[in-house]
Amino acid sequence: GFSVRYHETGNTAARSRLGIPLSMGSCHTAEVDGYAVEGHVPAREIRRLLSERPAARGLAVPGMPVGSQGDRRDAYDVLLVLRDGGSRVYASYPAGGRAR
């Protein structure tokens with residue numbers, strides 16, 4: 001349900017511009033209405049972010065956790081990246097299940 005414009009420019013520069021720490025890096029970096037979205041963040045969490053509009057840089061799923069794509073569903077967390085570069089868990093996706 002999102003309109004997307006794709007730019008092949010490299011993630012490191014985009015992360016730097018958006019204030020995402022390198023330690024939270026992943027495979028894809030996006031900007032949605034002023035927020036950074038790093039990695040395989042589920043659309044439901046992006047919609048929640050845009051609805052709640054917290055004072056934060058954005059959301060990240062660091063690395064490539066198994067379960068964020070494909071058939072296998074291991075547990076992983078979606079992190080809210082705070083303005084100071086810290087983070088807190090925004091949503092947890094348990095193995096084989098839906099977010100908590």
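Which residue stands opposite V37 in β2? A30 does. The legends below describe close-up views of a predicted model, in which local features need pLDDT of at least 70, side-chain atom pairs count only at pLDDT 80 or more, and totals for chains, interfaces and linings use all residues. Residues are numbered from 1 along each chain as its sequence is written, and side-chain values use heavy atoms, with hydrogens and water left out.

**View 1. The hairpin of β1 and β2.** Strand β1 (residues 29-32) and β2 run antiparallel and are joined by four bridges. Helices (H or I, at least four residues) and strands (E, at least two) are DSSP runs, numbered from the N terminus; two strands pair if DSSP finds at least two bridges between them. Two residues lie between the strands of this hairpin. D33 lies in the loop between β1 and β2, and its phi is near 50°, a positive value in a residue other than glycine. With a relative accessible area of 55%, D33 is exposed (buried means under 20% relative accessible area, exposed over 50%, partly exposed in between, with a 1.4 Å probe and protein chains only).

**View 2. The β-α-β unit of β2, helix α2 and β3.** β2 pairs with strand β3 (residues 56-60) in the parallel sense over three bridges. E38 has A60 as its bridge partner in β3. Together with helix α2 (residues 43-52), β2 and β3 make a left-handed unit. A crossover is right-handed if, with the strands pointing away from the viewer, the path from the first strand over the helix to the second runs clockwise. R53 lies in the loop between α2 and β3. Phi of R53 is positive, near 50°, in a residue other than glycine. R53 counts as partly exposed, at 41% relative accessibility.

**View 3. The largest pocket.** The space in this pocket is about 900 Å³. On a 1 Å grid over the protein atoms alone, a pocket is an open set of points where a 1.4 Å probe fits, with protein on both sides within 12 Å along at least five of seven lines; lining residues have an atom within 4 Å of a point. Grid points are joined across faces, edges and corners, and a volume is the space filled by probe spheres set on the points. The lining has 25 residues, of which V4, R5, T29, A30 and E31 lie nearest the centre of the pocket. Two or more lining residues come from each of α1 (11-18) and β1; α1 gives the most, with five residues. By class, the lining holds twelve nonpolar, nine polar and four charged residues (Ala, Val, Leu, Ile, Met, Phe, Trp, Tyr, Cys and Pro count as nonpolar, Asp, Glu, Lys and Arg as charged, and the others, Gly among them, as polar).

**View 4. The aromatic pair of Y76 and Y93.** One aromatic pair is found in a search of the whole structure. Y76 and Y93 are stacked, at 5.1 Å centre to centre and 5° between the planes. Rings of Phe, Tyr and Trp (its six-membered ring) pair if their centres lie within 6.5 Å; planes under 30 degrees apart count as stacked, over 60 as edge-to-face and the rest as tilted. Y76 is in strand β4 (residues 76-82) and Y93 in strand β5 (residues 87-93), 17 residues apart. Both residues, Y76 and Y93, are buried.
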